[in-house]
Amino acid sequence: IMGISTYISLRKYNFTFSVPAGLKILKRTVIIFLIGIGISWLSILCFQHDPFPIDQIRILGVMQRLAIGYGVTSLVAITVKHKYFPAIILVTLAVYFLLLAMGDGFNLSATNIVARFDVWALGTSHMYHDGGMAFDPEGLLSTLPAVCHVMVGFYCGKLLFSAKDNDEKIQRLFLVGTILTFAGFLLSYGCPINKKVWSPTFVITTCGLASSFLALLIWIIDIKGYQGWCVFFRSFGVNPLFIYVFAEIMGILLGATGASVFIYEKVLVPVLGNYPGSLAYALLYVLFCWSIVHILYKKGIYVKI
């Protein structure tokens with residue numbers, strides 16, 4: 001979806017490099033990246049009470065990966081002909097697979113090339129730790145295939161907006177979705193589908209499923225006209241960046257104050273039990289976040305960068 005949105009946003013620049021286009025891309029990339037750093041800083045401040053955690057702040061994360069994916073894809077989109085996108089994606093994923101295959105990339109251990117590269121580039125104190133091991137699921141090396149994720153979306157955007165009608169859009173998306181999904185599952189016999197290392201098959205399979213699902217939504221919403229059911233999701237969709245950051249910040253604050261533990265252990269678990277209580281907490285939190293973003297949607301307030 002970020003790739004498709006990137007295609008839409010760069011159309012006004014005619015996909016041609018210019019100073020205004022370059023500055024816009026740079027600005028959005030830096031701001032999104034710094035928001036991710038800010039979330040990491042807030043977490044350390046609230047839980048460890050260190051206002052200047054320069055030596056331990058996590059450099060990368062979800063927002064930072066989104067920033068890099070957007071920035072790299074956008075720069076490639078305004079400097080390289082779009083017909084080369086499939087080749088760039090395939091070569092990048094092939095090289096990354098070779099790195100994983102030769103570098104113990106599918107084993108969660110100190111010998112994993114993804115972990116070793118990130119430790120070398122970032123340092124263990126600036127990484128996420130998984131079971132006591134410095135392993136960042138949004139690390140630097142695994143951001144390479146994540147960029148391909150965005151590039152696939154960008155190319156799907158190109159296919160969508162060059163189609164003459166919704167029927168052709170659906171046909172193109174289903175074709176891409178079917179090919180990618182089956183290719184991903186077939187290749188998974190030699191390259192496991194693994195999110196933590198963002199394996200090439202994880203990219204291919206999830207992009208294929210997303211493409212098919214988007215085609216299904218176009219058929220349901222735009223062709224059949226069934227739109228009432230998706231109002232709930234529309235509130236999230238028009239302010240995705242805001243609601244993600246809001247949810248992260250509120251999650252940190254609820255955890256730091258002990259409110260989340262109180263609601264779960266003292267209110268929900270005694271009534272529902274552990275697992276149903278956990279599910280209920282998650283659903284209540286989603287509804288809480290939705291109520292905030294829905295107010296913005298109803299007032300026509302869209303937070304943009």
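Modeller: A patch here joins nonpolar side chains within 5 Å, each residue having over 30% relative accessible area and no salt bridge. The model is predicted.

Biologist: Which residues make the nonpolar surface patch of about 470 Å²?

Modeller: Take Leu23, one of its residues. Leu23 sits in helix α2, residues 19–48. Its relative accessibility is 52%, so Leu23 counts as exposed.

Biologist: How many disulfides does the model have?

Modeller: A disulfide is a covalent bond between the sulfur atoms of two cysteines. The cut-off for the sulfur pair is 2.5 Å. The sulfur of Cys148 lies 9.0 Å from the closest cysteine sulfur, in Cys207, so a bond is ruled out. The count is zero.

Biologist: What is the nearest cysteine sulfur to that of Cys207?

Modeller: Cys207 is in no disulfide. Its nearest cysteine sulfur is 7.2 Å away, and belongs to Cys156.

Biologist: Is Cys148 buried or exposed?

Modeller: Buried means under 20% relative accessible area. Cys148 has 1%, so Cys148 is buried. Cys207, at 8%, is also buried.

Biologist: What distance does helix α3 reach from its first C-alpha to its last?

Modeller: Helix α3 covers residues 62–77, which is 16 residues. At 1.5 Å a residue, 22 Å is expected. The model comes close to that, at 22 Å.

Biologist: Which helices do the buried residues of α3 pack against?

Modeller: The buried residues of α3 include Met63, Tyr70 and Val76. Contact means heavy atoms within 4.5 Å. The partners are α1, α2, α4, α6 and α10.

Note on methods
Residues numbered from 1 in each chain as written. Predicted model: local features only at pLDDT ≥ 70, side-chain atom pairs only at ≥ 80, totals over all residues. Heavy atoms only, no water. Patch = residues over 30% accessible without salt bridge, like charges linked within 9 Å, V, L, I, M, F, W, Y side chains within 5 Å. Areas by Shrake-Rupley, 256 points an atom, 1.4 Å probe, with all protein chains shown as cover. Salt bridge = Lys/Arg side-chain N within 4 Å of Asp/Glu carboxyl O. Helix = DSSP H or I, 4+ residues; strand = E, 2+ residues; numbered from the N terminus. Buried < 20%, exposed > 50% of the residue type's maximum accessible area, 1.4 Å probe, protein only. Expected span 1.5 Å × (residues − 1).
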